[in-house]
Amino acid sequence: RKVEEERRKREAEEERRRREAEEERRRFEEEERRLDEIRQQEEERRQEEERLRALEEERQRREEEERRRREEEERIRRQEEERILIEQRKRLEEAERRRLEAERRRLEEEEKRRAEEERRIQAEEAERRRQIEEEERKREDERRRNELRKMEEERKREEDKRRREEDRLREIERREKEAEERERRAREEEEQRVRDQNQRNHRISTNGDNSFDVKAIYSFKSNDENELPFKKGSVITVTEVIDDNWYYGTYGSRSGMFPTSYVTLINPAPAASAPTQIIED
């Protein structure tokens with residue numbers, strides 16, 4: 001029984017494989033048939049393209065022949081037109097030459113008559129111009145004499161005006177120099193007074209003053225945190241004299257150094273028992 005079953009199984013497997021092989025063969029034949037149809041279609045399409053290309057070449061050849069024929073006809077027509085135009089131009093040139101010759105003769109006769117008339121007119125015009133020029137020369141001489149007289153008067157007025165302007169400028173320059181001299185002297189006196197005042201302040205500080213008040217005569221601006229900026233007219237309390245050029249004091253809620261030349265003493269304090277410390281730079 002087992003052998004029979006094995007035999008049946010082998011026959012069934014062989015049948016299945018045979019059917020599959022048959023199916024594969026049919027598919028291969030179908031694919032071959034489809035490829036043959038495609039090749040046939042490609043061949044028909046190629047033949048159609050060749051036929052169309054031949055027709056296009058024939059059409060282009062005919063168009064080229066037609067174009068050449070039209071160009072030849074156009075060239076012949078233009079040559080004929082040029083020949084006709086040349087003949088017409090020759091006839092017109094001949095007619096124009098004859099007309100110009102007649103016109104030249106007429107103009108020569110008129111030119112002779114006009115030359116004679118012009119010579120007569122020129123003679124009369126020369127005489128009249130001579131008389132006019134003589135009158136013009138007399139008027140020009142008179143006008144020049146008047147202009148020279150006016151120019152001389154104008155020159156004298158300009159000279160007087162220039163002298164007055166120079167005197168005025170010299171006076172202005174003298175006043176400016178005097179003002180500059182007065183300002184320089186006042187500045188020197190003020191600087192000397194500030195130096196004297198600072199020396200007195202220094203002496204007062206070194207003799208035992210603890211503090212004293214000064215008044216700003218200039219505004220002092222500074223971004224240094226160790227310096228004390230203030231405005232003109234501010235009252236500052238000096239607490240230490242650093243040297244002849246710098247004080248240390250307080251103004252409002254701030255303290256710092258400031259130059260002695262920017263302030264003047266207004267409230268010297270009485271001498272104290274202990275001298276104020278001098279800070280070296």
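**Figure 1. Arg 59 and its salt bridge to Glu 56 in a predicted model.** Arg 59 is partly exposed, with a relative accessible area of 37%; partly exposed lies between buried (under 20% relative accessible area) and exposed (over 50%), using a 1.4 Å probe and protein chains only. The closest N and O atoms of the two residues are 2.1 Å apart. A salt bridge here is a side-chain nitrogen of Lys or Arg within 4 Å of a carboxyl oxygen of Asp or Glu. Glu 56 and Arg 59 are three residues apart in helix H1, so about one helical turn separates them. Helices (H or I, at least four residues) and strands (E, at least two) are DSSP runs, numbered from the N terminus. The model is predicted, with local features needing pLDDT of at least 70 and side-chain atom pairs counting only at pLDDT 80 or more, while totals for chains, interfaces and linings use all residues. Residues are numbered from 1 along each chain as its sequence is written, and side-chain values use heavy atoms, with hydrogens and water left out.

**Figure 2. The salt bridge of Arg 45 and Glu 42.** The closest N and O atoms lie 2.6 Å apart. Both residues belong to helix H1, which covers residues 2-206, and they are three residues apart, about one turn of the helix. Arg 45 has 42% relative accessibility and counts as partly exposed; Glu 42, at 40%, is also partly exposed.

Figure 3. In helix H1 they are three residues apart, which means a separation of about one helical turn. Arg 155 is partly exposed at 44%, and Glu 152 is partly exposed at 33%.

**Figure 4. Strands E2, E3 and E4.** Strands E2 (residues 235-241) and E3 (residues 246-251) pair in the antiparallel sense over four bridges; pairing requires at least two bridges found by DSSP between two strands. A hairpin of four residues joins E2 to E3. E3 also pairs with E4 (residues 254-259), in the antiparallel sense over six bridges. Tyr 248 in E3 is the bridge partner of Glu 240 and stands opposite Met 257 in E4. The hairpin of E3 and E4 has two residues between the strands, and in this hairpin Gly 252 takes a positive phi near 70°.
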